[in-house]
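Hi there,

Here is the structure I promised to pass on to you. Have a look at it first, and then read my notes on its aromatic rings below.

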Amino acid sequence: MEAGAGAEAEPLLPPQSWRTRRGLWRTGGGARSAAEDGTGTDNDLYINQAVVFIEDAIQYRSINHRVDSKSLWLYRWYYSRTCQWILSLTITIILALAFIEKPSSLTVTSDVRYRLPAWNPPCGLTESIELLCFLVFVVDVSVKSYLIGWEEFWKNKWLMAYILTLIVSLTDWIVSLSFLCAEDVRIRRILRPFFLLQNSSMMKKTLKSINSTLPEMASVVLLLAVHLSLFTMFAMLLFARTKLFAKFSFFCVFLSSNTGIPGHSLDGQQDKEWVGYFRNLPDSLTSLLVLLTTANNPDVMIPAYSKNRAYSIFFILFTVLGNLFLMNLLTAIIYNQFRGYLLKSVQSSLFRRRLGIRAAFEVLSSLKETPANAQQSYVSVGALLQVLQKVEMDCRCKQAITRSLKMCSCDQLSATQFQKLFEELDKDAIKQHPPSPEYQSNFMQKMQFAFGHAYFGYLGNVVALANIISICVVLVMDADKQPSERDDFFLGAINCFFILYYLLEMLLKILALGLKRYLSYPSNRFDGLLTVILLVLEIATFAVYGFPHPGWRPEFMGLLSLWDMVRLVNMLIVFRFLRIIPNMKFMALVVTTLLDLVKNLRAFAGILVVVFYAFAITGIMLFKGAVVPLGNISAVNTTYDNGTLQCGTYEQLEYWPNNFDDFAAAVVTLWDVMVVNNWQVFLEAFSRYSSPWAKIYFVVWWLISSVIWVNLFVALLLENFIHKWDRRCHREPLSDIEYQRTVELMFRDVLEEPTEEELMEKLHQHPHLQLCR
């Protein structure tokens with residue numbers, strides 16, 4: 001036991017002569033076997049340490065982990081593609097269980113009037129899958145805890161929360177089995193998104209940035225609350241059920257004396273405003289809160305506005321101050337503050353990368369002795385080449401670094417030179433297209449010039465536009481015809497002509513550019529794939545229905561009718577028209593900005609999934625089975641509580657599919673509320689079907705999703721677009737080169753490089769790697 005404890009304390013103890021001359025210590029273990037005393041074994045260990053540190057730098061990972069030989073093997077195994085794929089698959093499975101476990105979403109419709117009883121898995125099926133997932137998570141947290149060490153474990157709040165979540169989930173799982181899966185509330189379902197959150201370092205950084213931005217956002221939200229409260233009190237006084245009004249109301253009555261409307265009609269309009277929107281404090285707050293999102297505009301104003309147009313001043317003033325000023329001010333504050341915190345996060349990532357590279361340099365510098373009085377460390381080029389052979393990194397970066405090393409005239413690298421080599425990781429990912437084929441024939445060279453020219457692509461765009469126009473003309477002409485009266489001859493004939501042209505265009509481009517160069521362009525891959533699909537569908541149509549001829553009718557044969565086949569072909573042709581985007585520079589800039597958001601800002605989508613999941617599960621617990629159908633007849637003619645349903649209610653609008661009876665329906669309902677169009681319908685319906693306190697749930701969801709998350713997305717969309725616009729203004733377009741950038745590279749121009757002192761100070765604080773020089 002003592003030997004084991006010693007090994008746990010100091011596994012990396014170089015020979016005494018090295019420690020004396022180099023001032024380099026490795027702590028984290030003590031007892032060593034005789035084999036580890038050999039220089040060759042030590043060198044292999046230093047090589048493996050350098051490999052891991054460089055991989056940490058590439059992935060922006062922390063280097064504060066164990067560095068003995070066994071831990072390094074375990075560390076690389078844990079971060080291997082296979083292990084990370086298994087972990088990601090496990091997270092996906094445990095999140096997807098919400099769709100099949102009770103209440104199951106396995107029904108054709110979520111409409112409570114027509115939904116058939118869903119299949120619910122037997123008790124123990126989903127619970128067994130959950131247990132397997134929990135076991136994977138237990139292994140995951142155990143490996144993570146061991147690798148960072150006991151002291152670092154107590155400092156890591158995420159790992160402690162990870163263990164606490166597993167304990168609560170396993171306890172709830174045991175309780176669920178003891179009740180034979182009959183309990184309605186399962187706490188572990190709400191905790192599942194945590195497994196997704198803790199597995200992504202970028203999501204953690206994003207969440208930390210959001211948390212840091214909350215104080216600034218809270219000030220504007222508080223101002224919005226004050227604005228809403230003051231106007232609510234004013235509205236309750238202004239639209240009170242009385243004939244005695246304040247000066248403003250007296251002014252309205254004075255103006256109404258010249259309208260010619262009978263007094264009893266005006267009083268009725270005043271009562272409508274009070275009954276419909278301002279009967280009490282909760283209704284008044286809800287009405288104005290919804291007006292803040294313009295979802296009930298101008299409905300909320302119409303009863304009073306019908307009485308007198310001067311009442312519109314109140315609603316316009318509220319909307320201008322709240323929606324146009326305060327809400328947009330909130331967007332500006334979120335953009336400014338969050339960009340600053342995100343910049344700090346990216347700066348921290350850059351520091352991690354530089355620290356990992358410097359740590360690799362320090363361990364590699366121990367491979368060869370230098371004079372005892374040396375003031376500077378060096379790394380041999382051969383040692384670095386040996387490390388690069390083992391490092392898992394992008395082939396482009398590895399080739400560039402290897403090329404630079406072979407061109408280097410010196411045999412040893414200083415710390416500055418070593419760091420400069422790995423700046424290749426920070427550069428734009430450049431994709432250069434393969435060269436075009438070289439033809440010897442003069443005729444083929446002319447063909448290559450003609451069909452490889454940009455004007456040939458422009459001609460293809462004109463033809464695609466003509467195809468779209470012809471489809472529109474035919475659809476307009478046949479819009480009012482019955483299926484039996486429709487003749488698809490003309491549409492089939494023009495489709496055949498244009499598809500043959502698309503095929504010819506693709507073949508000529510391949511001839512001019514070569515297959516490899518043709519496929520290297522995403523627009524060509526998109527265009528070619530759709531052309532092949534269109535050709536296959538056209539051949540299938542001819543095989544089943546014959547060639548187009550007058551009287552071609554949409555008879556049903558096989559899986560699809562002729563009309564279905566023609567519609568499918570036309571939809572693909574319309575979709576193919578997107579090929580014009582790369583040829584329109586500004587449109588291409590917008591599209592590439594959106595694609596970059598999809599690729600690089602997955603952390604924000606992940607946080608949205610976490611919030612959606614947690615709120616959907618909470619909504620199921622609160623409102624499952626709350627919505628009860630009135631019947632299958634039209635809600636317009638249905639009475640409820642001895643009265644006709646009011647226009648614009650949940651029942652009259654037939655919003656029955658929007659409910660919380662299963663997970664899929666809950667997600668769609670939350671999405672509809674996030675869009676805020678008619679979200680007052682959900683506020684009113686669920687507060688009536690369940691409890692008036694249900695409004696709190698929907699208001700909190702609106703604040704988190706529509707106010708905070710959407711504004712964050714807008715802020716990052718602006719940042720990405722502005723960054724690309726600036727680069728577009730300073731870079732000449734190169735047709736053969738494509739630049740791909742990451743979130744970190746968005747801020748590369750404004751990041752500060754860490755100093756030598758900062759890096760060495762951080763390395764001295766490493767819990768398992770101690771430098772004494």
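By about how much of the helix are Trp150 and Trp154 separated in helix 7? About one helical turn, because the two are 4 residues apart in that helix, which covers residues 150–155. (Helices are DSSP runs of H or I with at least four residues, numbered from the N terminus.)

Before we go on, a word on the model: it is predicted, so local features need pLDDT of at least 70 and side-chain atom pairs count only at pLDDT 80 or more, while totals for chains, interfaces and linings use all residues. Residues are numbered from 1 along each chain as its sequence is written, and side-chain values use heavy atoms, leaving out hydrogens and water.

The structure holds 45 aromatic pairs. Rings of Phe, Tyr and Trp (its six-membered ring) pair if their centres lie within 6.5 Å; planes under 30 degrees apart are stacked, over 60 edge-to-face, and the rest tilted. Trp150 and Trp154 are edge-to-face, at 5.3 Å centre to centre and 85° between the planes. Trp150 is exposed at 59% relative accessible area, while Trp154 is partly exposed at 48%. (Buried means under 20%, exposed over 50%, partly exposed in between, with a 1.4 Å probe and protein chains only.)

Phe231 and Phe318 also pair edge-to-face, with centres 5.3 Å apart and planes at 65°. This pair links distant parts of the chain, 87 residues apart: Phe231 is in helix 11 (residues 201–238) and Phe318 in helix 16 (residues 312–364). Phe231 is buried at 11%, and Phe318 is buried at 0%.

Happy exploring!
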